[in-house]
Amino acid sequence: RTLRFVAKMSTIDTSKELLNSAKREAARTAVDTYISNGQAVGIGSGSTIVYAVERLAERKKSENLDIVCIPTSFQAQELIINNGLTLTDLDRYPSLDVAIDGADEVDRNFVLIKGGGGCLTQEKIVATAAKTFIVIGDYTKDSSELGDRWKRGVPIEVIPMARIPVAAHIEKKLGGNAELRMAKSKMGPLVTDNGNFILDWKFNGSHDWASVHKFIKLIPGVVETGLFVDMASAVLLGMKDGSVKKI
Ligand code: 5RP
């Protein structure tokens, strides 16, 4: 019985290791391909971006890479500081050379779902300020249609007092369910870095994502949607075999 347990544990560990190494390869390739001296760089949020920041810190040590970094979340700000990189903001650098960030799902038209970590609004602001927006992730993010892989819906940041009418409006027009995201503790709603709530809209079927984004964005109380349409300059995905696929 013990042996079977050990075997099961090691299967789980291996697949997590595989995912992490896929994220790492994509992140390192993105940093080495797109980042050079003198740039203002937007730093995304999530688990994949951690590897990109680590690579930036390595390059700072080994080749004196001189860049300034603009965060997309409290997590990104801490990552930048803790890795010895230079932290700045959009007040000083309203136009960025490049932004690098993860994604929850990428479809065949380069439409992204983002906001699994609740940071979508600042992520979209920073990505929009960048001349080049590079998306990094592992092979599980590759999808022909949104919703095929990512089952947690489209995150939507809302002003807290608007959460119920916004959810009702979305469900009436587009169907599905717009659910309030709870904090990990389950003691109350997740509160974003901007003091707002997140609705996760679980949708059915396929949609014209540009129209869906516009419709939701115009509902009073909506701050931003996690649909990133026509924004990605390149998507780099780490594969199971250790290669990095650029789409
Ligand atoms: C956070 C995000 C992340 O970039 C997205 O959830 C991907 O995260 P990970 O790199 O952990 O898979 O949008 O709001």
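First, some housekeeping. This is a predicted model, so local features are taken at pLDDT of at least 70 and side-chain atom pairs at pLDDT 80 or more, while totals for chains, interfaces and linings use all residues. Numbering starts from 1 along each chain, following the sequence as written.

Start with the open sheet of seven strands, which runs S3-S2-S1-S4-S7-S13-S14 with mixed pairing. Strand S3 (86-87) and strand S14 (244-246) each have a single partner strand, so they sit at the edges with one side left without a neighbour in the sheet. A word on terms: strands (E, at least two residues) and helices (H or I, at least four) are DSSP runs numbered from the N terminus, and two strands pair if DSSP finds at least two bridges between them.

Inside the sheet, strand S1 (residues 40-43) runs parallel to strand S4 (residues 96-101) over three bridges, and Ile-43 has Ile-100 as its bridge partner in S4. Further along, strand S7 (residues 130-138) pairs with S13 (residues 234-238), again in the parallel sense, over five bridges. Gly-137 is bridged there to Leu-237 in S13, and Leu-237 in turn has Lys-245 as its bridge partner in S14. That last pairing, S13 with S14, is antiparallel over three bridges. The two strands make a hairpin with five residues between them, and Gly-242 in the turn has a positive phi of about 95 degrees. S13 is mostly covered, with four of its five residues buried; buried means 20 or more other C-beta atoms within 10 Å of a residue's own, exposed means 12 or fewer, and partly exposed is in between, with C-beta atoms placed from the backbone.

Which residues touch the most other members of the largest nonpolar core? In this core of 56 residues, they are Ala-30, Ile-43, Ala-52, Ile-100 and Ile-136. A nonpolar core here is a set of buried Ala, Val, Leu, Ile, Met, Phe, Trp, Tyr and Cys residues joined through C-beta atoms within 7 Å. Ile-136 shows what such packing looks like: leaving aside neighbours within four places in sequence, its contacts include Ala-26, Ala-30, Ala-52, Ile-100 and Leu-236. Contact means C-beta atoms, placed from the backbone, within 7 Å.

Now to the ligand. It has 18 residues around it, and Gly-46, Ser-47, Gly-102, Gly-116 and Gly-117 come nearest; a residue counts as near if its C-beta atom, placed from the backbone, lies within 6 Å. By class, this shell has three nonpolar, 11 polar and four charged residues. In that scheme Ala, Val, Leu, Ile, Met, Phe, Trp, Tyr, Cys and Pro are nonpolar, Asp, Glu, Lys and Arg are charged, and the others, Gly among them, are polar.

Move on to strand S10 (residues 197-202), where five of the six residues are buried. S10 pairs antiparallel with S8 over five bridges, and with strand S9 (residues 177-180) in the antiparallel sense over four. Phe-197 in S10 is the bridge partner of Val-158, and Leu-199 in S10 is that of Leu-180. Asp-200 also has its place in S10. Is this residue buried or exposed? Asp-200 is buried, because 21 other C-beta atoms lie within 10 Å. Among the residues that Asp-200 touches, not counting those up to four places away in sequence, are Arg-152, Glu-179 and Arg-181.

Helix H6 (residues 209-217) has Trp-209, Val-212, His-213 and Ile-216 as its buried residues. Down the helix axis these fall within an arc of 100 degrees, so they line one face of H6; the arc is that of the directions from the axis to the C-beta atoms. Their cover includes strand S8 (154-158), helix H5 (163-174), strand S11 (222-225) and S12.

Most residues other than glycine have a negative phi. Asn-64, in the loop between helix H2 (48-63) and strand S2 (68-71), has a positive phi near 60 degrees. Asn-64 is exposed, because it has 8 other C-beta atoms within 10 Å. Phe-110, in the loop between S5 and S6, has a positive phi of about 75 degrees. Phe-110 counts as partly exposed, with 16 C-beta neighbours inside 10 Å.

Note on methods
Two residues are in contact if their C-beta atoms, placed from the backbone, lie within 7 Å.
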